[in-house]
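Have the structure open while you read.

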Amino acid sequence: MRRLPLFRPVSTGLSLFAVLLAFGAAPATAQMQPPQDTTQVTFDEAVRTALDQNTNIKRAQAQARQSNVQVRSEWMDFAPNLSLNTDVSRRVGRNFSQVTGGFTTQSTDRFNLSGQSSITLFNGFENISSLREAREQAGADQTNLKRTRREVVFNVMDQFISLVESREIVRVRREQVTAQRQRLRQIEQFVEAGSRPESDLFTAEADLADAEQQLLQGKREREVTQTRLIQTLQLNPREAYDFRVPDLEGATLDSSRQELPALIDEAFQKRLDLRVAEAERRAAEQGVRSARSAYYPSLSLGGNYGTDWSSRGRLPDPNNPNEFITQSFSSQLENNRGGGISLSLSIPIFDRLQRSNQVEQAQVQAQDAEYALQDQRQEIALQVRQSYLDYRNAVQQLEAANKRLRAAERARTAAQERYELGSADIVELQNAIRDYVDAASQQVRARYELFFQQKRIDYNVGRLSPSAPLLGAPAKP
């Protein structure tokens with residue numbers, strides 16, 4: 001399998017182009033040392049920080065916890081309920097006494113203690129369907145959490161690659177400013193010697209000012225990229241950070257990847273968002289079964305047991321039937337114990353079409369979930385297709401950029417020699433230099449675009465892992 005180097009040497013005789021290709025080779029001279037109070041952040045640290053602090057991941061974690069709670073709730077529907085009730089009351093005024101069988105005007109204190117329990121024996125399989133629906137939704141939310149983690153890692157990777165690219169652009173333009181200053185001093189010598197008109201000096205000064213402006217613009221783009229990375233990592237904007245980008249020198253990528261149909265099939269097997277859509281569809285199907293359970297009768301078993309006490313609780317005196325003996329608190333609780341058991345059957349006959357409406361709504365939701373699954377499969381296939389085509393285009397763009405840079409380097413060298421010999425004017429040299437700088441910048445962008453497009457294929461296919469390094473080999477199918 002042919003390998004395409006990201007860093008392909010074009011010429012060894014020019015310092016500017018050597019600097020372009022020596023990314024990461026001389027950090028001490030090419031980059032300013034960060035202040036001592038600057039926090040250094042590597043790529044692996046950035047990934048860990050994003051996984052810990054990103055709000056999208058936190059929301060996905062909260063949703064997963066909520067789904068797990070719902071599953072536990074559905075499991076508890078199979079268990080009996082149990083309640084213990086007690087109350088203390090006092091009745092005043094005229095009231096009926098169950099003890100004497102007549103009315104009395106004396107106040108009466110009462111105490112009651114009872115317990116009830118019931119269990120559903122059959123409810124049309126509603127509890128089973130609801131449990132399955134909750135479990136499918138919980139699985140979907142757990143998978144969505146994994147997908148969100150991968151998405152955050154991909155965003156961090158994308159922004160790190162953009163940061164590397166922006167730093168390389170700044171390096172190219174800084175070298176160009178240095179070269180323009182040297183050229184200005186050379187032209188000043190030519191003008192003082194009378195071999196060149198003074199207008200060439202003005203043109204060189206304008207070229208230097210333009211190069212300095214391009215350098216400032218490159219630095220601004222670099223700062224914007226770092227600000228986006230700070231936002232993704234949820235870092236403190238008040239502090240200063242030095243993002244230590246990975247060394248991509250010598251990195252190679254496959255120029256001949258799998259064919260498009262194989263990539264799409266692999267994506268259908270590995271993409272987590274597709275699994276989420278499939279789980280949500282299964283959950284919606286269980287929702288339809290749960291709604292249909294309302295057409296079935298329900299059967300439940302219940303029981304209760306308790307006792308009570310009354311301040312007027314008395315029993316007939318066995319020695320004198322016309323007299324009553326007041327019972328103690330403990331004896332009343334002992335004598336008044338009682339309970340019962342019941343079996344309840346409920347048969348639905350007519351509920352003003354509420355069941356039909358619920359079933360129809362559940363069917364609509366299930367159909368929407370099926371449509372969402374179809375749309376997700378189509379979107380995944382299109383994403384893989386687009387990333388595959390973008391990668392092939394990036395390969396061609398890098399090859400074309402390398403050819404253009406080699407040609408621009410030779411043209412600039414020839415124009416410089418003709419200008420020094422007096423056979424070319426400043427305009428020709430100026431055009432050759434600008435074309436070379438533009439070609440060098442485009443070559444930098446092209447090689448990092450190729451690297452990004454390869455990572456994008458891995459992400460769209462589902463190979464990207466949050467634990468894999470930036471330069472780690474993609475997972476094998």
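**Notes on the predicted model**

1. Let me start with a local pair: arginine 222 and glutamate 223 form a salt bridge, with their closest N and O atoms 3.8 Å apart. Glutamate 223 is partly exposed, because its relative accessibility is 38%. Keep in mind throughout that this is a predicted model.

2. Helix 6 runs over residues 198–233. Its 36 residues span 53 Å from first C-alpha to last, close to the 52 Å expected at 1.5 Å a residue. Just after helix 6 comes glutamine 234, with a positive phi of about 55°.

3. What does glutamate 212 pair with? Its side chain meets that of arginine 181 in a salt bridge, at 3.4 Å from N to O. The two sit 31 residues apart and link distant parts of the chain, glutamate 212 being in helix 6 and arginine 181 in helix 5. Both ends are partly exposed: glutamate 212 has 32% relative accessibility, and arginine 181 has a relative accessible area of 41%.

4. The largest nonpolar core counts 37 residues, and Val156, Phe160, Leu229, Leu233 and Phe243 have the most contacts inside it. Contributors of at least two residues each include helix 3 (43–53), helix 4 (55–76), strand 7 (241–244) and helix 10 (354–421). Helix 5 gives the largest share, twelve residues. There is also a second, separate core of 20 residues, with Leu263, Ala267, Ala394 and Ala401 among them.

5. Leucine 229 is worth a click. Leaving aside residues up to four places away in sequence, leucine 229 touches Val156, Gln159, Phe160, Leu163 and Phe243.

6. Then the sheet: four strands, open, in the order 3-6-9-12, with antiparallel pairing. Strand 3 (81–91) and strand 12 (338–346) are at the edges with a single partner strand each, so one side of each has no neighbour in the sheet. The twist averages 20° from one strand to the next. Strand 6 (residues 108–122) and strand 9 (residues 298–310) pair over twelve bridges; serine 114 has glycine 306 in strand 9 as its bridge partner.

7. Back to charges. The structure holds 23 salt bridges. One of them joins glutamate 334 and arginine 337 at 2.8 Å, N to O. Glutamate 334 is partly exposed at 45% relative accessible area, and arginine 337 is partly exposed at 47%. Elsewhere, a network of salt bridges links Glu266, Lys270, Asp458 and Arg463.

Methods:
Residues are numbered from 1 along each chain as its sequence is written. This is a predicted model: local features need pLDDT of at least 70, side-chain atom pairs count only at pLDDT 80 or more; totals for chains, interfaces and linings use all residues. Side-chain values use heavy atoms; hydrogens and water are left out. Two strands pair if DSSP finds at least two bridges between them. Axes are lines fitted to C-alpha atoms, for helices over the stretch in contact, and angles run from 0 to 180 degrees between N-to-C directions. The expected span of a helix is 1.5 Å times one less than its number of residues. A nonpolar core is a set of buried Ala, Val, Leu, Ile, Met, Phe, Trp, Tyr and Cys residues joined through side-chain atoms within 4.5 Å. Buried means under 20% relative accessible area, exposed over 50%, partly exposed in between (1.4 Å probe, protein chains only). Contact means heavy atoms within 4.5 Å. A salt bridge is a side-chain nitrogen of Lys or Arg within 4 Å of a carboxyl oxygen of Asp or Glu.
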